[in-house]
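Reader: I've got a model open on my screen and I'd like to walk through it with you. Can you take my questions one at a time?

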Amino acid sequence: MVYNEQHKLILQTIMHEGFLSENKAKELIIKLFNDNKVVSVINQINEKLQPLNMLIKKIQCEITGQLYWILISTVLDEVTRFQTEFSKNQLALLRIIFSEIIISNNGCIQSTVCLNLCSSSDVKMSKADAEDFLEDMVNRKWLIYKDGYYYMGIRSITELMPYFKATYESNLNTCYLCKQILFHGKKCTNCETFFHLYCLKKFIMVCDPMKCPNCNTVISDVDLSGIQDDSILAEEDTSKVKKSSRKVLRNKN
Ligand SMILES: [Zn+2]
Ligand SMILES: [Zn+2]
């Protein structure tokens, strides 16, 4: 397949929205190419982006497990670009929210607490403005909202990681299974090792009942029912995985 107008359309969609979900990418690629090979189409676009120091990167949502494609710069300081998108007050509020999420025990902040931050001295934003701004942040995937809590969004995790690493290095946790930085996940009650929920979802397919791979303590009290196993579906034959996950579920009952 040669790079063509269809590839450009995919790139434009990602640039316009700031992200593209795996499901939407698949839908779009089937429509444009009559083919569902998302990875090979994205790879072709990435070949063209490389001289421009840009890259479309895959990222999995910590809360839903859903896969997304995000365009990032490989050289420019992402944080600088991010700063030009928002007003001084909005940036001040975001910085406090990010900080609260990172220093919290479970990578989230209660929405009422979040709204009250708008009255802190360096933000000076009305509650109504803060509400609108937070909704916009959720829609654009800088934050995630679930059941009264805000979590780190996929775009923040992908595009602002250099900022988080430079600012909060000692406060950042790493997932034992994928070795990537983690903001929200499950902590082993014995050795305090962290895991992404989506990594545990894959892990339970090979280790059921689930035991901590670091200290062998049984990992209980974790709800993985809301986590999609998008990454598995993207990597392997869909029908095969569906069958094997059904088997795991049957064995559990
Ligand atoms: Zn992980
Ligand atoms: Zn452990």
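Predicted model: local features only at pLDDT ≥ 70, side-chain atom pairs only at ≥ 80, totals over all residues.

Reader: Which arrangement do the 4 donor atoms around the zinc ion (ligand 1) make?
Author: Donors here are N, O and S atoms within 2.8 Å of the metal (3.2 Å for Na, K and Ca), and water is not among the atoms, so sites may look incomplete. The protein donors are Cys175 (SG), Cys178 (SG), His196 (ND1) and Cys199 (SG), at 2.1 to 2.4 Å from the zinc. Four donors count as tetrahedral if all angles lie between 85 and 135 degrees. The angles at ligand 1 run from 94 to 118°, so the arrangement is tetrahedral.

Reader: And how are the donor residues of the zinc ion (ligand 2) spaced in sequence?
Author: That zinc has Cys188 (SG), Cys191 (SG), Cys212 (SG) and Cys215 (SG) as its protein donors, 2.2 to 2.3 Å away. Their angles of 104 to 113° make this arrangement tetrahedral. Read along the chain, the spacing is C-x2-C-x20-C-x2-C.

Reader: How many residues apart in sequence are the parts that cysteine 191 and cysteine 212 tie together?
Author: Helices (H or I, at least four residues) and strands (E, at least two) are DSSP runs, numbered from the N terminus. Cysteine 191 is partly exposed at 27% relative accessible area, while cysteine 212 is buried at 1%. Cysteine 191 sits in the loop between strand 9 (186-187) and strand 10 (194-195), and cysteine 212 in the loop between helix 10 (197-203) and helix 11 (230-235), so the parts tied together by the pair are 21 residues apart in sequence.

Reader: Moving to the sheet, in which order do the 3 strands come?
Author: Two strands pair if DSSP finds at least two bridges between them. Strand 1 and strand 3 pair in the antiparallel sense over 2 bridges, with leucine 20 opposite tryptophan 69 in strand 3. The sheet is open and its pairing antiparallel, in the order 1-3-2.

Reader: What separates the C-alpha atoms of isoleucine 56 and isoleucine 70?
Author: Isoleucine 56 lies in strand 2 and is buried, with a relative accessible area of 3%. Contact means heavy atoms within 4.5 Å. Leaving aside neighbours within four places in sequence, isoleucine 56 has contacts including Ile42, Ile45 and Ile70. Although isoleucine 56 and isoleucine 70 are 14 residues apart along the chain, their C-alpha atoms are separated by 5.3 Å.

Reader: One last thing: which residue of strand 6 is the bridge partner of isoleucine 144?
Author: Strand 5 (residues 143-146) and strand 6 (residues 149-152) pair in the antiparallel sense over 4 bridges. They form a hairpin with 2 residues between them, and aspartate 147 in the turn has a positive phi of about 45°. The bridge partner of isoleucine 144 is tyrosine 151.

Methods
Residues numbered from 1 in each chain as written. Chains lettered and ligands numbered in written order. Heavy atoms only, no water. Tetrahedral: all angles 85-135°; square planar, octahedral: opposite > 155°, others 65-115°. Buried < 20%, exposed > 50% of the residue type's maximum accessible area, 1.4 Å probe, protein only.
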